[in-house]
Amino acid sequence: MERYVAHPDESAVESFLPLNPNDYLILFSLTDQERHGYGLVKHIGEVSGGTVTLDPANLHRTLKRMVKQGLIIDAQVKATGETGHERRRYYAVTKLGRQVAAAEATRMRQLTRRAEAHRLISRSGA
Amino acid sequence: MSARRGGLVPAPAMAEWTYKFFLRAYSPNTRSECCDDILATFRDLYVAEVYNAGLVRKVRFWCHTAFSMARDGLTDRADARRASGTRQQRSGPHGSGRDPRDGRTVTILSDLRYAVRTLVRKPVFALTAVGMLALGIGATTTIFSLVDGVLLTALPYPDQHRLMFLGDPAISIPNLNAWRDNATSFDEMVGLWGRDQIATGTGDAEVVPTAWVTRDFFPLFGARPSVGRLLTEDDFTLTPQVTVLSYGGWQRIWGGDRSAVGSTINLDGNPVVIVGVLDRVFEVPEAMTERRPEYWLPLDARAPSLQLPGRLILTVAGRLVGGATVEQAREQMATIAQRLAVEMPQGNTRRDGSPRPIPVVSLLDATVGAVRGPMLAVLGAVTLLLLIACSNVANLLLARGTERERELALRAALGASRSRLAGQVLLESLIIALAGGALGALAAVGGLDAMKAILPSAVPRLDTVHVDLPVLAFALLVSVGTGILFGSAPALRGMRPDLNVALREGSLSATGTRRRMSLRNAILVTEVALTVVLLVGGGLLFNTFVRLMAVDKGFDPDNTLVARVSFGTRPPEGTQKALFASQVLDRVRATPEVRTAAAAVLFPFGAGREGTMCCWAGTVEHPETGASQDWVIANPVTVDYFVTLGAELLRGRFLSESDATGDPLRVVINETLARNIFAGTDGVGQTIRFRELEVMVVGIVADVANFGVTRPGFNNFYLLYEQAPITSEIEFAVRTDLPMSVIGPRLRSIVREANPAYPLQEITTMAARVGQYRAVPKFYTIIAAIFALTSLALALGGVYGSMLYAVGQRTREFGIRMALGARAARVTRMVLRNGLAIGGIGLAVGLAGAVALSRIMESVLFGVTPTDPITYVAVGTVVLGAASVASLVPALKASRADPMTTLRTE
């Protein structure tokens, strides 16, 4: 699996598709800034309109796997809380991760366009 | 742990501990690598979103967490196994690919196998325990699924936690406008006017429930069309031109035909075009209307001709502005109430002139508030039942623990650690609990259907009740919880087997047994106490039911058919109505086998439906003494009303045809009014004043329970319908020997012949109407009886089994006693005394508990106080009687102990 980190080429990106929805939401949430665990839970909840609530254990299991796959890295550990004694691990998206998320978004856009062409959904998106 | 948070109860720490427990579902790998991160994230999440939330949110959170962790944990373990399998293959057959932690897994697996084998070896014990738990968990899960569906599930509307129900049942249209203009804590406020209308143009004329709603009603509740469209701005004209069909109505009336959209129908003679059908999933806000409207019409609340402050017809819901609290809204509505009482007194003041308050409650509370108390009481009762089942199983396990002591001691002597022995015992309990839980969950699926069948129709939101994932998660939690609860005592025992004593040959240590006996006796006492609480509750409800049945209703409900005719929202002239009624009655009476028939604005148990004018009320005064009564209900009736009902004449005479022309108006009054106005003197022949009318009393009848038996004491008088054909509805009653299936259609065709525009509805028997009023108490009585009797049987079984076991253990002691000269009767007495002591102490504790809990019962009782002495005495007798019966067989067995056998083995 390490080869994905070393050579992020097109076929490596393709091999991740279609991306698991939770993986996509995590990558998407990390595109604008680094986030810690609860930051991700909260942001994903907002982005998905409350339909996706990630359980902390499952989230970190997924994060661990995504780190191994080279999609994200655990960027740093920061102190938080009133006293600064609490430590939180922050995650950031890698170049590969960004490419995979973009490829997934493109794939979904194509699906959406086909659905529109078949009049499954209207063009306004309602 | 988050010890940094202050406070008496470190709730997040508790939560974290629980979460850590659930985390065990995941593979050791994941746990060791991510535990800190996971717990930190959980802490953030819990403190930010759950810690300060309400109970409902907490329960949902934990159910969701338990379920998703069990699911994802299994996936994780499967992944880990696959990964380690790959690793093993890679390291070859000789490599030590085994994870060091696997040793523990092997231990657990072997313990598991051992536990299952132990249980299978004792099938009677295992089946009894599993059966009892299945009963308890099944009953608890059934009731919990009800509570979950009705009380805990959020209403299916957007921003439902911001939706409020406003006002005392109904308000006027000008009030809604005034509220909307002034209440800034609401960003939306909508009204609904529920009514019955006559629909024509789709076959026979029929009465259909309709709802007139203001502009933002559908958007507020997130309604969508299934076919066509919903209401738009242009639809809100003074006389509605369009209507939206409910999904149910579309199916019932049109058979789901799409051509319904675009058709025209007549509602009360007004043509309206059907423009759309509501989505099937749309749930009518039950707080706003009890009925299921079939046609939805636009109501323009700003229309000048509708600004009638005296017509209290609307129910109102509003959505709080984001960030506003219920308290703020309440304060603001209180201020508005004050101002409206001055500006628009009609409909906004109470009879004493004070402002009519505007209650603000959440829509969920308004929907389910009435059933919350009773439902939680039932949930409490079923929890007691579960506890009894648990204590029975605990007792069984303890008794078995005695037998197993030698086995455990042997294993301890051979080097088994204490925690492993305790774990072994606990594992057995968990297996029993999970088996019981699985059976119980299955039973709950069946039990719920049975429960829905006997539930009174008044219970809201029954559509949302089913056995779903949260309910199953609940059953799982309860099973694990009960397993730990009843398994912990035997497990603790398993931790410290007394090797010396237990291993000595043939030893049945007196001291060890006594210690164990006292623990088991304590459990039995608890069990009896819990049973007493349930029996008292059941007894009180049974008493209530008997009293409800025995109340003198003042009429004979048998062999009587009742039905209602609606004249629609544009009723004809009064004389037309009277003529119609007499035409119908003449033809009905012409039918052979009809004894009598009558019409009236109100027959007993028919009033109180929302949206119908139940009665004509006013103040009655005695012109000479000045005695007066408010809220006297006038009931216009035809001549045979009293005979048809079987009402009892106390003094004077009934109304007759000749009274139609009498001046002043002739009336018959009921006993309550006679007592209140004439205070002991004979009222017959006297004249009293009703509103502006002079009326003369010609007779006094016994009270008729018009509004149900729990609301007696209404002031009533009766006058001839011809003189006051007031309401838009009239009821007919027919006393006959014909079966309802014959007389019902007959009456329908007679009414159709008399005037096809007036449909006959709600054809039923008087007995059924009375029965409906009893449905709720009957339901509670059935439930309580089931719980009380089940728990009595469980407790009895517990006492019996335990005594029998104790006697078995002490056979040697009894043998020695009798060898030393004790008489058989004395031994019998000894055992009986033991049983009665358990029963007696349990009874005392239980009665105290029942008194403490009796307040919960208050709302569902009728005619008995929650501390009714007769019930308590009866329960005491039953429990002591049962305790002696349960210990009699063991006592007799003890007295038959053979001294010779004992001495020979000693």
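**Salt bridges, helices and cysteines in a predicted model**

Arg319(B) and Asp187(B) form a salt bridge, with their closest N and O atoms 3.1 Å apart. Arg319(B) lies in strand β9 (residues 314–320) of chain B and Asp187(B) in strand β2 (residues 186–200) of chain B, so the pair ties together parts that are 132 residues apart in sequence. A salt bridge here is a side-chain nitrogen of Lys or Arg within 4 Å of a carboxyl oxygen of Asp or Glu. Strands (E, at least two residues) and helices (H or I, at least four) are DSSP runs, numbered from the N terminus.

The model is predicted: local features need pLDDT of at least 70, side-chain atom pairs count only at pLDDT 80 or more, and totals for chains, interfaces and linings use all residues. Residues are numbered from 1 along each chain as its sequence is written, chains are lettered from A and ligands numbered from 1 in the order in which they are written, and side-chain values use heavy atoms, with hydrogens and water left out.

Arg319(B) is buried, at 16% relative accessible area. Asp187(B) is partly exposed, at 37%. Buried means under 20% relative accessible area, exposed means over 50%, and partly exposed lies in between (1.4 Å probe, protein chains only). Both residues belong to a network of salt bridges that links Asp159(B), Arg162(B), Asp187(B), Glu188(B) and Arg319(B). Over all chains, the structure holds 40 salt bridges.

Another salt bridge joins the side chains of Asp235(B) and Arg229(B) (2.7 Å, N to O). Asp235(B) is buried, with a relative accessible area of 8%. Arg229(B) is partly exposed, with 32%. Arg769(B) and Glu731(B) also meet in a salt bridge (2.3 Å, N to O). Arg769(B) lies in helix α19 and Glu731(B) in strand β20 (residues 729–736), both of chain B, so the pair ties together parts that are 38 residues apart in sequence. Arg769(B) is buried, at 7% relative accessible area. Glu731(B) is buried as well, at 1%.

Helix α19 of chain B runs over residues 766–809. Its 44 residues should span 64 Å at 1.5 Å a residue, and the end C-alpha atoms are 63 Å apart, which agrees. The expected span is 1.5 Å times one less than the number of residues. α19(B) bends by about 45° at Ala775(B). A proline, Pro777(B), follows within four residues. The bend at a residue is the angle between axes fitted to the seven residues ending there and the seven starting there. α22(B) has a kink of about 35° at Leu888(B), shortly before Pro890(B).

A nonpolar surface patch is formed by Leu109(B), Leu112(B), Val116(B) and Val120(B), with about 320 Å² of accessible area together. Patch residues have over 30% relative accessible area and no salt bridge; like charges are joined within 9 Å, nonpolar side chains (Val, Leu, Ile, Met, Phe, Trp, Tyr) within 5 Å. Areas come from the Shrake-Rupley method with a 1.4 Å probe; for residues, only the protein chains shown count as cover. Val120(B) lies in helix α4 (residues 102–121) of chain B and is exposed, at 58%.

Cys34(B) is buried, at 5% relative accessible area.
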